[in-house]
Amino acid sequence: MPLRDFEVASPSRCDHPAGLSPTNPVRPQTFALPRTHWHPSWQAAALHQRQPLQALAFWLQLEGSLTRALTLRCRQRFHVDVVRETFTRPSLEESRRLGLPERQLAWVREVRLCGDGQPWVLARTVMPAATLRGSGRRLRHLGRRPLGSYLFATRQWQRSGFETGLCHSDGRNQPRVARRSCFHGPQGAILVSEYFLPGLPRSAE
């Protein structure tokens, strides 16, 4: 059975957790993630909507660094466009996925992954406050550095299996398919969701 739908809430003004102060002001949200039905595997999602999954099968099942794979597909350059980084409340579904209390704040990072000047992926990362302590403090200061280049550079982080998301998109330029997984590190877990845009190259060729 698919997991519960959720919609990512617009950013709200919230106090940051004790001992942790935001380094960036809250920015207006400049992209909206569609309501998404999450399935426990690619195969389970394909039972409901096979065509878009087949077209993006390579990206949905990629085990290594998505950032590195996107970079290799660029003819000119790859870059990260940071849209928002702030303490805010995750969606209820995200909180449940990470085992967080409903009203607990987390550091949320939203970026566009762009190839050759075009947005290819929308990425949203939810990082509980406990994960940001110790060596995890670096996660709040990535700037334009891709998250993947940090996570895959150390053996401290282990990735869970992928869930596949089918998006309820109402626009031609919105993502129809997504994936997400948890990375588990010394202080806890973070949830990484990646939404594939129509301009993304369709294969590894």
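This is a predicted model: local features need pLDDT of at least 70, side-chain atom pairs count only at pLDDT 80 or more; totals for chains, interfaces and linings use all residues.
View 1. Glu85 sits in strand S2 (residues 78–88) and Arg109 in strand S3 (residues 106–115), so the pair links distant parts of the chain, 24 residues apart.

**View 2. Arg124 and Glu94, a strand-to-helix pair.** Here a salt bridge joins the side chains of Arg124 and Glu94 at 2.8 Å, N to O. Arg124 belongs to strand S4 (residues 118–128) and Glu94 to helix H5 (residues 92–98), so this bridge ties together parts 30 residues apart in sequence. Both ends are buried: Arg124 has a relative accessible area of 2%, and Glu94 comes in at 1%. Searching the whole structure turns up nine salt bridges.

**View 3. Glu194 and its surroundings.** Glu194 is found in strand S8 (residues 188–196). The side chains of Glu194 and Arg179 form a salt bridge of 2.6 Å, N to O. With Glu194 in strand S8 and Arg179 in strand S7 (residues 177–185), the pair ties together parts 15 residues apart in sequence. Arg179 is buried, at 0% relative accessible area, and Glu194 counts as buried at 8%. Setting aside neighbours within four places in sequence, the contacts of Glu194 include Leu66, Val121, Leu122, Arg159 and Val177.

View 4. Helix H4 covers residues 66–73, and Leu66, Thr67, Ala69 and Leu70 are buried in it. Looking down the axis of H4, those buried residues fall within an arc of 165 degrees, so they line one face of the helix. On the face of H4 turned away from the buried side are the exposed residues Arg68 and Leu72. At the start of H4, a side-chain oxygen of Ser65 comes within 3.4 Å of the backbone nitrogen of Thr67.

**View 5. Cysteines without a disulfide.** The structure holds zero disulfides. Cys74 has no bonded partner of that kind, as the nearest cysteine sulfur, from Cys114, is 9.3 Å away. Cys74 counts as buried at 15% relative accessibility, and Cys182 is buried as well, with a relative accessible area of 2%.

Key
Residues are numbered from 1 along each chain as its sequence is written. Side-chain values use heavy atoms; hydrogens and water are left out. A disulfide is a pair of cysteine sulfur atoms within 2.5 Å. Buried means under 20% relative accessible area, exposed over 50%, partly exposed in between (1.4 Å probe, protein chains only). Helices (H or I, at least four residues) and strands (E, at least two) are DSSP runs, numbered from the N terminus. Contact means heavy atoms within 4.5 Å. The arc is that of the directions from the helix axis to the C-beta atoms. A polar contact is a pair of N or O atoms within 3.5 Å; within protein, one must be able to donate a hydrogen and the other to accept it, and residues adjacent in sequence count only if both atoms are side-chain atoms. A salt bridge is a side-chain nitrogen of Lys or Arg within 4 Å of a carboxyl oxygen of Asp or Glu.
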